[in-house]
Amino acid sequence: MKRLLIALMTTAAAMSLAASAQAADKLKACWVYTGPIGDFGYSYQHDQGRLDVEKALGDKVETAYLENVSEGPDADRAFERLAREGCKIIFGTSFGFMDPEVKVAKKFPKVMFEHATGYKTGDNLGIYNARFYEGRYILGQIAAKESKAGVAGYIVSFPIPEVVMGINSFMLGAQSINPNFKAKIVWVNSWFDPGKEADAAKALFDQGADIIVQHTDSTAALQVAEERKLKGFGQSSDMIKFAPKAQLTSIVDDWGPYYISRVQAALDGTWKPDNVWLGIKDGAVKMSAYTNMPDDVKAMAQATEKKIVEGWNPFTGPVAKQDGTPWLKDGEVADDGALLGMNFYVKGVDDKLPQ
Amino acid sequence: MMRLELVKRPQRSMLFSALSPFIAFGLTIIAGAILFALLGVNPLNAFRIYFIEPVSQVWQLHELAIKAAPLILIAVGLSVCYKANVWNIGAEGQFILGGIFGSAIPVLFPGFEGPLVLPLMLLFGMVGGAAYAAIPALLKTRFGTNEILTSLMLVYVAQFFLDWLVRGPWRDPQGHGFPQTIQFNDSAVLPELMPDAGRANWGFVFALIAAVLVWLLMSRLLKGFEVRVLGSSPRAGRFAGFGLNRMVFFAFLLSGALAGLAGISEVSGAIGQLQPVISPGYGFTAIIVAFLGRLNPLGIVAAGLVLALTYLGGEAVQSALGISDKVARVFQGMLLFFVLGCDTLIHYRIRLVGMALTKGAAKLEAAPKLKEAR
Amino acid sequence: MDITVNILLTIATAATPLLIAAIGELVVERSGVLNLGVEGMMIMGAVAGFGAGYLTGSPWIGLLAAIAMGAVFSLLFAVMTLSLATNQVATGLSLTLLGLGLSGMMGTGFVGQPGEKLPNLYIPVLTEIPVVGKLLFGQDPIFYISIALTAAVMWFLFKTRTGLTLRSIGDSHTSAHALGIKVIRYRYLAVMFGGACAGLAGGHLSLVYTPQWVENMSAGRGWIALALVVFASWRPWRVLAGAYIFGAVWIGQLHAQAFGIPVPSQLLSSLPYLATIVVLVLISRNKRLTMMNTPASLGQPFVPDR
């Protein structure tokens, strides 16, 4: 028995030695997710990006991830663990990881860090984000065309700039088609609670909305739309499988190309901390196939998409704030700083922003 | 057809008292090995990464202390509750309120600095936790409302309250609209014990002190005797002149204050500001810690460290072997199951008997009340 | 009119899983056992229901799988607390922990897959009656099961001999044992019934409410079910009322927001929980009534002496 144990131990030790020897030749790229990769939403899409890296760079890289990392002291530990375990480049994918990542990055100057959706940078800490609001402008235009009632139901998670920016962009898009367009807003105080999202969708439909938009991660709201034979938009990933007759389009987060380029840069030794905000043009924000709509609406959506790719910004004046005070003059384009810290509504939003 | 039969031992078995944690741990390892094998991982390698690696590096020992500190603090308070037969399962909410109350000082008076800040914050945190725990205590003593449910419902309310605070009135005006308060000034941050070696802060020391004090209270002082008597037999306690309502308040306030202290220590020491979420479920995990430690404050220190290890180990196998983080939860559940099951051996002998033999006449004897903690 | 009907239908969908899980737990508690593992059994039922439905293509098989999984999983609790006399509170909590972890592991392959949905009832003519047609004859099958279950449990507990025996065990296991009643066997069956109900409630989540599998999709509903049992002071029809009141508050807060009522959404979101506390207090103020219905030996382990 004892001999067997020793034999097993030595094989185990040999195996782990072999593993680490192998690892030495490869670049280790690591990810930290705030949700489970099984959310089929935000964290899932980041993990798809990780898998894209594995696919594209093959033998040259090795990847690892930590999921469900709570934004607090657990996050500090997660980054420190990955840095100590030999990760050469680490991606933190949630806003709440900002301060932990700043701290750990200072401690490990030789490791390359990247943080999504934050604003603090460092000598070895770059930031990246995606301009989801570009897609939301297109959703607004489609909604205004497709809604018979002229009212959309908008399910939202938390009042952070990212979400507020999305609501505003959606409304600007809708008003460009129908100046009287309205959106009813429900905060579910969760990124991910299918039951509550479904209930919110039902409540919004019952109150007269006939199209549903969401800034939450589950497919539940779209499934309700499908059942009620109404329309809606997907979020984060293409949800057409869940609502073949209801999904008009979906804003898909595609982090793959960015992750591949950054890991490649790390391999080549050309990595430098960066501050990028990627949009439709860069392929990070993708519109899934325009479905369940007439050809002219589809053509309009594609035209807008093309305009955005060519450099047009949905936040181009004249735009007034909710109380009617002017914000952007005619032709004035909002600067990125103002967008990233946005905490007010534009004119026409029928809700009071939680302060 | 066979079935299990318990035979009460005349007195608790010292042998199994000592052995049961090891048997339970052994069973967990066996079940874990099967689990890892099913997942297609070499169990020995997995165990090495899971249990050995986290305690073989200094920085990880610090992380272990950080993770264990709130669990021990809360569980020590809960052990008094459960011994007194008071079922506070809302420590998570008391933790949050402690964090909020304590943070009020650095958030509302950012210019206030000096050596007085930290003690005041800790005091506020304890008051906040105790005050929140007083609600279910009041409802129980005044109206007889079930405290399991009220304390649990108050957890959700506390979470929404914190969420509202950091997104609304307490939001950092310079924070780009993100839901966080300002970073605390230096004199409001709980210092690290050995800054050069790792991040562990004074919270762990508080946990150890609390464990020793509560242990003294329970084993050496009259109050501890009162708790145990009232917990195991309220009637006997009443005859002895102990007040049941006073006891409910005592248990809730003590555990609330300790949970509140854990909350503010975590916010001030490990995070440094208030966020929408300040606890990954410490208040609930601490319930498990309390039982793993058999409601003995010193046992809880060991249990808190073991449970913290399952978290750290869970992360280690996740990043090293790509095993899902759910494994850590399954491990915790199994460990607790086995510990509870093995502890039965302390009070009972287990016999396997055939069905036919059990049809003996029943005797009229009071069933042993095990509700009292062992 | 249509909007009222729709809101009532939404409330019914939200209340059904709570009702089923709570009715099951009610029987368990009436037998004198406190199982805090409802959340864990529910989520196991949800993953089994989704998985079986997805793999076989039949939501009905999914439904059966959910029930079976709930019952089997509760057996773990039964062996621990009944045969080994472990602390029920701690055992129930670890059951929840284990359920959340195991279901996450089992469900890895189901993420992102559209599942099977149980079809709503449709009876020609009847379902098309204005207003009441959809409410009475157009809901999902589990809704009808939940109502029938409530009635059946009411009849069982208060009109049958076995029900009387079960209640007497909950009130005093020692006297029941003295009378020659097989306390442990009754409790095993009660716990498994509770497990089956919790599993069915989970099946409702993944086969009707939101036909998909995601981790933690029960989102605390098992705990609400537990609260409902106390809220109802262990009376089946009050569980029914409680589930629908809770459902109404839950849906009502979303409607209030959609309507544009300027109250912080966090306050609205905490309303259901605050309402539960208030009602619990109101119920428990009537001491005589509560005492009368509370199973006296609730939560206390029983070891037959011989």
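This is a predicted model: local features need pLDDT of at least 70, side-chain atom pairs count only at pLDDT 80 or more; totals for chains, interfaces and linings use all residues.
Chain A contains an open sheet of six strands. The strand order is β2-β1-β3-β4-β5-β11, and the pairing is parallel. Two strands of chain A, β2 (61-66) and β11 (275-278), stand at the edges. Each has a single partner strand, so one side of each is left without a neighbour in the sheet. From one strand to the next, the twist averages 20°. Within the sheet, β3 (residues 89-92) and β4 (residues 112-116) of chain A pair in the parallel sense. Four bridges join this pair. Ile89(A) stands opposite Met112(A), a residue of β4(A). Helix α2 (residues 42-57) of chain A packs on the sheet. This helix touches β1 (27-32) and β2 of chain A. The direction of α2 makes about 165° with that of β2(A).

Chain B has 13 helices and two strands. Along its principal axes, the C-alpha trace of chain B spans about 75 × 60 × 35 Å.

In chain C, helix α11 (residues 236-259) packs against α12 (265-285). Their axes come within 9 Å and cross at roughly 165°. An angle over 145 degrees counts as roughly antiparallel, and α11(C) and α12(C) are therefore roughly antiparallel to each other. Their crossing is right-handed. On the α11(C) side, the contact is made by Phe246(C), Val249(C), Trp250(C), Gln253(C), Ala256(C) and Gln257(C). These residues meet Ser265(C), Leu268(C), Ser269(C), Leu271(C), Pro272(C), Ala275(C) and Thr276(C) in α12(C). By class, the contact of α11(C) with α12(C) has eight nonpolar and five polar residues. No charged residues take part in this contact.

Helix α12(C) also contributes to the side of chain C that touches chain B. Across this interface, 50 residues of chain C are in contact with 45 residues of chain B. Besides α12 (265-285), the helices α3 (59-83), α4 (88-106), α8 (173-178), α10 (221-231) and α13 (287-293) of chain C each supply at least two residues of that side. The most comes from α4(C), with 12 residues. By class, the side of chain C that touches chain B has 26 nonpolar, 20 polar and four charged residues.

Technical notes: Residues are numbered from 1 along each chain as its sequence is written. Chains are lettered from A and ligands numbered from 1 in the order in which they are written. Two residues are in contact if their C-beta atoms, placed from the backbone, lie within 7 Å. Ala, Val, Leu, Ile, Met, Phe, Trp, Tyr, Cys and Pro count as nonpolar, Asp, Glu, Lys and Arg as charged, and the others, Gly among them, as polar. Axes are lines fitted to C-alpha atoms, for helices over the stretch in contact, and angles run from 0 to 180 degrees between N-to-C directions. Angles under 35 degrees count as roughly parallel, over 145 as roughly antiparallel, 65 to 115 as roughly perpendicular and the rest as oblique. A crossing is left-handed if the near helix is turned anticlockwise from the far one by less than a right angle, and right-handed if clockwise. Two strands pair if DSSP finds at least two bridges between them.
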